[in-house]
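Have the viewer open while you read.

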Amino acid sequence: EQIADVVQQGALPLLVDLLVSPSAEVQEQAMSAIGNIAGHSQHYRDQTLAHNIIAGVLPLCQQEQKQSLQRTAIWVLGTLCR
């Protein structure tokens with residue numbers, strides 16, 4: 001499992017840190033990775049939530065300069081609600 005390897009190597013806190021990057025592209029890629037991890041299983045969703053991901057994603061939902069960043073943020077929030 002690639003996702004298990006990524007999580008076990010400590011990627012989640014690093015990805016969460018990237019959500020405050022000055023680069024919208026980096027933020028979007030980090031959110032995509034987080035969403036893919038969270039969407040893999042309930043266990044990984046819970047691990048993602050334990051890293052306070054919602055606090056990092058909510059401000060990006062209000063990002064008006066890049067619509068794809070907003071869409072990705074909303075997709076991640078939806079994934080966390082499953």
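The notes below go from the overall fold to one helix and then to one residue.

## Ground rules

This is a predicted model, so local features need pLDDT of at least 70 and side-chain atom pairs count only at pLDDT 80 or more, while totals for chains, interfaces and linings use all residues. Residues are numbered from 1 along each chain as its sequence is written, and side-chain values use heavy atoms, with hydrogens and water left out.

## Overall fold

The protein has six helices and zero strands; helices (H or I, at least four residues) and strands (E, at least two) are DSSP runs, numbered from the N terminus. Along the sequence that reads α-α-α-α-α-α. The radius of gyration is 12 Å, close to the 12 Å from the globule rule for 82 residues, so the protein is as compact as a globular protein of that length. That radius is taken over C-alpha atoms, and the rule is 2.2 Å times the number of residues to the power 0.38.

Along its principal axes, the C-alpha trace spans about 35 × 25 × 20 Å. Take contacts (heavy atoms within 4.5 Å) between residues at least 6 apart in sequence: 60% of them join residues at least 24 apart.

## Surface and burial

Of the 82 residues, 40% count as buried. Buried means under 20% relative accessible area, exposed means over 50%, and partly exposed is in between (1.4 Å probe, protein chains only). The protein exposes about 5,000 Å², with carbon and sulfur atoms supplying 52% of it; the areas come from the Shrake-Rupley method with a 1.4 Å probe.

## Helix H4

H4 covers residues 42-50, and its buried residues are Tyr44, Arg45 and Thr48. They sit on the same side of H4, because they cover an arc of only 105° around the axis, going by the directions from the helix axis to the C-beta atoms. On the face turned away from that buried side you'll find the exposed residues Gln42 and Ala50.

What do the buried residues of H4 pack against? The partners are helix H1 (2-8), helix H2 (11-18), helix H3 (24-40), helix H5 (53-61) and helix H6 (67-80). After H4 comes asparagine 52, with a positive phi near 55°.

## Threonine 79

Threonine 79 belongs to helix H6. Is threonine 79 buried or exposed? It is buried, with a relative accessible area of 3%. Setting aside neighbours within four places in sequence, threonine 79 is in contact with Gly35, Ala38, Gly39 and Arg45. Arg45 is also one of the buried residues of H4.
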